[in-house]
Amino acid sequence: MNESCGTSPIVGFRFTLSPMTDDFVGTIKGALERTDLSGVWRHTDDVSTVIRGQVEHVFDVARTVLSLASEEGKHVSMSGTFSVGCPGDSAGDEVLKAPSEPLNGASRDQYVSSQFALYPMGADDYMELIYEEIEQAKQAGVYNESMHYASGIHGNLDDVFSYYEAAFKRTREKNRHVVMTVTFSVNSPSHGGRHA
């Protein structure tokens, strides 16, 4: 375990939302405006959005934004990086004092295909930690396939996000600094019309 990494409980997710539509600005802004963001700190710039707070709120907001952005059937992708324990992060934000109960509720039934890579930073046994989470995905019924530089996860949107949140928490319990990159795809023509 890397002792120089932080012990802050604050989790961050920096993501780029990409709706495949001419009105991509409206879709992105609309999804953010309709999501309850009161449990997180948020900043959006010309490239991406970052949210920070308790792990439950960060995953809840990320899932809800993707769900709302894709509800009209447009092909939408979201790529981002979850991080916890970064030495440069701080626990000083007021959002950490919020109740841990997620604010946005369950999403509608929606099929999502995704790929992730898990990085337990500074862990000597990092491959064991990664293999443990791949096995957990198989047991949860959301594992899709292995591939170069990532693993495929798919299924219902809520189930996929529940797996990612649990994997992130389990890895953090074993290692102070954890980074996880994820790319989601919803309503892709390659999904063959799967919506749930």
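A crossing of two helices counts as right-handed if the near helix is turned clockwise from the far one by less than a right angle. Keep that in mind for the first view of this predicted model.

**View 1. Helices α2 and α4 cross in the right-handed sense.** Here α2 (residues 55–69) packs against α4 (residues 157–174) at an angle of about 155°, and their axes are 10 Å apart. Angles over 145 degrees count as roughly antiparallel, so that is how α2 and α4 run relative to each other.

**View 2. Zooming in on the contact between α2 and α4.** From α2 come Val 55, Glu 56, Phe 59, Ala 62, Arg 63, Leu 66 and Ser 67. On the α4 side you'll find Leu 157, Asp 158, Phe 161, Tyr 164, Glu 165, Phe 168 and Lys 169. Sorted by type, the contact residues of this pair come to 8 nonpolar, 1 polar and 5 charged.

**View 3. An open sheet of 8 strands, with antiparallel pairing.** Reading across, the order goes β2-β3-β1-β4-β8-β5-β7-β6. The edges are β2 (40–44) and β6 (143–147), each of which pairs on one side only. On average, neighbouring strands are turned by 20° against each other, ignoring direction.

**View 4. Strand β6 next to β7 (residues 150–156), paired in the antiparallel sense.** The two strands share 4 bridges. Look for Met 147, which sits opposite Ala 150 of β7.

Note on methods
Residues are numbered from 1 along each chain as its sequence is written. This is a predicted model: local features need pLDDT of at least 70, side-chain atom pairs count only at pLDDT 80 or more; totals for chains, interfaces and linings use all residues. Side-chain values use heavy atoms; hydrogens and water are left out. Axes are lines fitted to C-alpha atoms, for helices over the stretch in contact, and angles run from 0 to 180 degrees between N-to-C directions. Angles under 35 degrees count as roughly parallel, over 145 as roughly antiparallel, 65 to 115 as roughly perpendicular and the rest as oblique. Contact means heavy atoms within 4.5 Å. Ala, Val, Leu, Ile, Met, Phe, Trp, Tyr, Cys and Pro count as nonpolar, Asp, Glu, Lys and Arg as charged, and the others, Gly among them, as polar. Two strands pair if DSSP finds at least two bridges between them.
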